[in-house]
Amino acid sequence: MVKPLIIDTDVGGDPDDLFAILLALNSKEVDVKLILTTDDYNCTRLKFLNRVLKSIGKKVPTVSGADFQRKKNLVVGRIVSKDVVKCNKNQVEEIHNVVNKYKHTYILCIGPLTNIANYILKHPETRDSVSLIIMGGFI
């Protein structure tokens, strides 16, 4: 059975997040329902993500998450500086909308966990409907 998946990412720095997103989008085991960006300085990561999705012909809802106003590890700023994007920052409700549609949803956390923490704090009643898959740390 194909599993509904939300990806929470700080794509646009190291290439590992982009690789994980591309892998998930081409997997027969998961169906990516939403991709959230986090540590998203002025929606730059969202712009980059949307550009990548468009270039590979994938349509997935995207939303900008927590903005820590940090430019560190954001290497795509110049690439997307002129891109225009509607910067939807309603990440908690977007997550909730997906979780409510399915009996069980998987969330792949490959960036800071701020968006997920905000969701869990606002909707603790859904904790049994969600499985978190967390990749974290530095080498």
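**Legends to close-up views**

**View 1. The salt bridge of Lys-33.** Lys-33 is partly exposed at a relative accessibility of 21%; here buried means under 20% relative accessible area, exposed over 50%, and partly exposed in between, with a 1.4 Å probe and protein chains only. This is a predicted model, in which local features need pLDDT of at least 70 and side-chain atom pairs count only at pLDDT 80 or more, while totals for chains, interfaces and linings use all residues. Residues are numbered from 1 along each chain as its sequence is written, and side-chain values use heavy atoms, without hydrogens or water. The side chain of Lys-33 forms a salt bridge with that of Asp-31, at 2.5 Å from N to O. A salt bridge requires a side-chain nitrogen of Lys or Arg within 4 Å of a carboxyl oxygen of Asp or Glu. Asp-31 is partly exposed as well, with 33% relative accessibility. Two salt bridges are counted by this rule.

**View 2. The salt bridge between Glu-93 and Lys-122.** The closest N and O atoms of Glu-93 and Lys-122 are 3.3 Å apart. This pair links distant parts of the chain, 29 residues apart: Glu-93 belongs to helix H3 (residues 91–101) and Lys-122 to helix H4 (residues 114–122). Helices (H or I, at least four residues) and strands (E, at least two) are DSSP runs numbered from the N terminus. Glu-93 is partly exposed, with a relative accessible area of 23%, whereas Lys-122 is exposed at 51%.

View 3. Asn-115, Ile-116 and Tyr-119 are the buried residues of H4. An α-helix has 3.6 residues a turn, so residues three or four places apart point the same way. The cover over the buried residues of H4 includes strands S1 (3–9), S2 (30–37), S4 (105–110) and S5, together with H3. Thr-126 sits in the loop between H4 and S5 (130–134) and is buried at 7% relative accessibility. With residues up to four places away in sequence left out, Thr-126 touches His-96, Val-99 and Tyr-119, contact being heavy atoms within 4.5 Å.

**View 4. The nonpolar cores around Val-32 and Leu-36.** The largest nonpolar core has 18 residues, and Ile-7, Ile-21, Val-32 and Ile-35 have the most contacts inside it. Two or more residues of this core come from each of S1, helix H1 (16–25), S2, helix H2 (44–55) and S4. Beyond its neighbours within four places in sequence, Val-32 contacts Leu-5, Ile-7, Ala-24, Leu-25 and Val-60. A second, separate core of 13 residues includes Leu-36, Val-92, Cys-109 and Val-130. A nonpolar core is a set of buried Ala, Val, Leu, Ile, Met, Phe, Trp, Tyr and Cys residues joined through side-chain atoms within 4.5 Å.

**View 5. The positive phi of Cys-43.** Cys-43 lies in the loop between S2 and H2. Its phi is near 65°, a positive value in a residue other than glycine. Most residues other than glycine have a negative phi. Cys-43 is buried, with a relative accessible area of 5%.
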